[in-house]
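Subject: A structure for you to explore

Hi there,

Here is the structure I promised to pass on. Please open it beside this email, and then read on for what turned up in it.

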Amino acid sequence: MAVEVGDLRSGQNRLVRATNAQQKKLVRAYDTWAAGVKRDMDAALKRWARPVQLKAILDSHLPELEAAMLDTTHQGVQTAEKVVIGRGQPSPRVLAARNLHLRKNDELVTAALVPFIGARLVAALTGPGVVDSRAVAGALAAQRAYPAQYAGGFWAMIFETKRAQGLDVDEEQRRLGLPPVKVKWRLDPQAEHCQASPSFYGCPDLAGEYESWGHLPTVPAGEVTCRGLCRCWIEVWRDGRWQS
């Protein structure tokens, strides 16, 4: 999602910095993996390896990429949770949100991200034309943007955690006979926004006020068409004004 810190109001800067830090970790993990792949392919090319042999090298390394992406995204989920709750203990509802997000995250990494990168690399290394060290480097570099997009899961986890907290607060408010906390879906004025698609909301359709966290259909980077590229955020009505 790569958002410049100055893009959003000061109340969002901490969240943006944390999300951008997670993006860098994902790309760094990919680069470390890619360096190992390139080293082995360069050695094979010196022995006049054929495309089928390069594919075999790639196939042997893909489990390492999956493990690296899972480890980095798991750490990101826990960090995103801490961004919201600080040093406090997560409630059962927050823990449930974390576990659900981890399951979704794992499915995306294992069933989408790694197979997609693998397929693109196979196409680049077994297609027409001469494959040499420079071509291998270019093919690997061309995939760096895809792990970076998974920082959107960090952005989503921030708001999933906050929604879980909000539902806890709403429950306590009801117990005390008080009204729930209102929330507002805000659109980043500097971003292009997605439209509704099958099974996903369009962000402009979600913009506006909600009577409580429970009335919010999803969260930024959640069930929206733009997914991990989402730059929307949530504000809450607190102390007589909307606050990030």
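Ser-197 is partly exposed, with a relative accessible area of 26%. On this scale, buried means under 20% relative accessible area, exposed means over 50%, and partly exposed is in between, using a 1.4 Å probe and protein chains only. Ser-197 and Ala-123 are 74 residues apart in sequence, and their C-alpha atoms are 29 Å apart in space.

Before going further, please keep in mind that this is a predicted model, in which local features need pLDDT of at least 70 and side-chain atom pairs count only at pLDDT 80 or more, while totals for chains, interfaces and linings use all residues. Residues are numbered from 1 along each chain as its sequence is written, and side-chain values use heavy atoms, with hydrogens and water left out.

**The overall picture**

The protein has 7 helices and 4 strands. From the N terminus on, they run α-α-α-α-α-α-β-α-β-β-β. Taken along the principal axes, the C-alpha atoms fill a box of roughly 75 × 35 × 35 Å. Of the 244 residues, 43% count as buried. If you look at contacts (heavy atoms within 4.5 Å) between residues at least 6 apart in sequence, 74% join residues at least 24 apart.

Helix H3 covers residues 92-126, which is 35 residues, and reaches 50 Å from its first C-alpha to its last, close to the 51 Å expected at 1.5 Å a residue. That expected span is 1.5 Å times one less than the number of residues. Where does H3 bend? The bend is at Val-109 and comes to about 40°; it is the angle between axes fitted to the seven residues ending there and the seven starting there. Lys-104 also lies in H3, and at 39% relative accessibility Lys-104 counts as partly exposed. The C-alpha atoms of Lys-104 and Gly-153 are separated by 9.5 Å, although these residues are 49 apart along the chain.

Helix H6 has 24 residues and reaches 35 Å, close to the 34 Å expected. Just after H6, Gly-177 takes a positive phi of about 75°.

**What is packed inside**

In soluble globular proteins, nonpolar side chains tend to be buried together. Here, a nonpolar core is a set of buried Ala, Val, Leu, Ile, Met, Phe, Trp, Tyr and Cys residues joined through side-chain atoms within 4.5 Å. The largest such core has 29 residues, and those with the most contacts inside it are Trp-155, Phe-159, Trp-185 and Leu-216. Elements giving two or more residues to this core include H1, helix H2 (51-85) and strand S1 (183-186). H6 gives the most, with 6 residues. Apart from this core lies another, of 28 residues, among them Ala-34, Val-109, Val-114 and Val-136.

Leaving aside neighbours within four places in sequence, Met-41 is in contact with Leu-54, Ile-57, Leu-58, Leu-125 and Val-136.

**The largest pocket**

A pocket is found on a 1 Å grid over the protein atoms alone, as an open set of points where a 1.4 Å probe fits, with protein on both sides within 12 Å along at least five of seven lines; lining residues have an atom within 4 Å of a point. The largest pocket holds about 770 Å³ of space. Its lining has 34 residues, of which Leu-108, Gly-153, Ala-221, Arg-227 and Gly-228 lie nearest the centre. H3 gives the most to this lining, with 9 residues.

**Two loop residues**

Ala-221 is in the loop between strand S2 (208-210) and S3. Its phi is near 70°, a positive value in a residue other than glycine. Asp-239, in the loop between S3 and strand S4 (241-243), has a positive phi as well, near 55°. Are these two buried or exposed? Ala-221 counts as buried at 9% relative accessibility, whereas Asp-239 counts as exposed at 70%.

Enjoy exploring!

Terms used:
Grid points are joined across faces, edges and corners, and a volume is the space filled by probe spheres set on the points.
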